Amino acid sequence: RTLAYDVAMIQPDPEDVDGEPDVFVKMTGETLSTLPEFEQASADDFRLASEMIGATVAIAYNGESARINDLILSETGEARYAVIATDLAASDQVVIDADNITLAEGASDGELVLDVDAETLSAAPAYPRD
């Protein structure tokens, strides 16, 4: 089912501080059953954050690969920033504007592209990967 991000409450699990948070939705089963079904377009349906996290993207200016490690969402559930590792063996990752991740155009199979130049990528804030 598809529901608006703002109807879910996401809270850390106090008994599992390193685990996934708990998600609560205040709706009856009857209301939930009236929500529209989500139809996944393909195996790589990048409308889903779960499909983007862990995906490899081509860096537009040099053709090298980067991996999307995480997404930072706005309060309305939209991807605002992406946490990426530009070198899959490096210990650092950088945060870039999620709008810089696009679907490849032309004869691609829906691959993702990190559409930034070298200057933008080198200026992105870097953080150690934990």
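This is a predicted model: local features need pLDDT of at least 70, side-chain atom pairs count only at pLDDT 80 or more; totals for chains, interfaces and linings use all residues.

Colleague: Is Ser-50 buried or exposed?

Modeller: Ser-50 counts as exposed because its relative accessible area is 57%. The cut-offs are under 20% for buried, over 50% for exposed and partly exposed in between, with a 1.4 Å probe and protein chains only. Its C-alpha atom is 14 Å from that of Ala-98, 48 residues away along the chain.

Colleague: Zooming out, how many helices and strands does the protein have?

Modeller: Three helices and nine strands. Reading from the N terminus, the order is β-β-α-α-β-β-β-β-β-β-α-β. The C-alpha atoms fill a box of roughly 50 × 40 × 20 Å along the principal axes.

Colleague: And what share of the residues is buried?

Modeller: Of the 130 residues, 20% are buried. The accessible surface is about 9,000 Å², and carbon and sulfur atoms hold 49% of that; areas come from Shrake-Rupley with a 1.4 Å probe, and for residues only the protein chains shown count as cover.

Colleague: What about charges, how many positive and negative side chains are there?

Modeller: There are 6 positive and 28 negative side chains, and the centres of the two sets are 5 Å apart. Lys and Arg count as positive, Asp and Glu as negative, with His and the chain ends not counted. Each charge is placed at NZ of Lys, CZ of Arg, CG of Asp or CD of Glu.

Colleague: How many salt bridges does a search of the whole structure find?

Modeller: One. It joins the side chains of Arg-80 and Asp-97 at 3.3 Å, N to O. The pair links distant parts of the chain, 17 residues apart, with Arg-80 in strand β5 (79–85) and Asp-97 in strand β6 (92–97). The cut-off is a side-chain nitrogen of Lys or Arg within 4 Å of a carboxyl oxygen of Asp or Glu.

Colleague: Why does Arg-80 count as partly exposed?

Modeller: Because its relative accessibility is 37%. Asp-97 is partly exposed too, at 26%.

Colleague: Which residues form the negative surface patch?

Modeller: Glu-15, Asp-16, Asp-18 and Glu-20. Patch residues have over 30% relative accessible area and no salt bridge, with like charges joined within 9 Å and nonpolar side chains (Val, Leu, Ile, Met, Phe, Trp, Tyr) within 5 Å. Asp-16 is in the loop between β1 (8–11) and β2 (22–25), and is partly exposed at 38%.

Colleague: Which residues form the nonpolar patch?

Modeller: Leu-3, Tyr-5, Val-7, Ile-10, Val-23, Val-25 and Leu-73, together giving about 500 Å² of accessible area. Ile-10 lies in strand β1 and is partly exposed at 44%.

Colleague: Last one: where does Ala-104 lie?

Modeller: In the loop between β7 (101–103) and β8 (112–114). Ignoring neighbours within four places in sequence, Ala-104 is in contact with Glu-111 and Val-113, contact being heavy atoms within 4.5 Å.

Methods. Residues are numbered from 1 along each chain as its sequence is written. Side-chain values use heavy atoms; hydrogens and water are left out. Helices (H or I, at least four residues) and strands (E, at least two) are DSSP runs, numbered from the N terminus.
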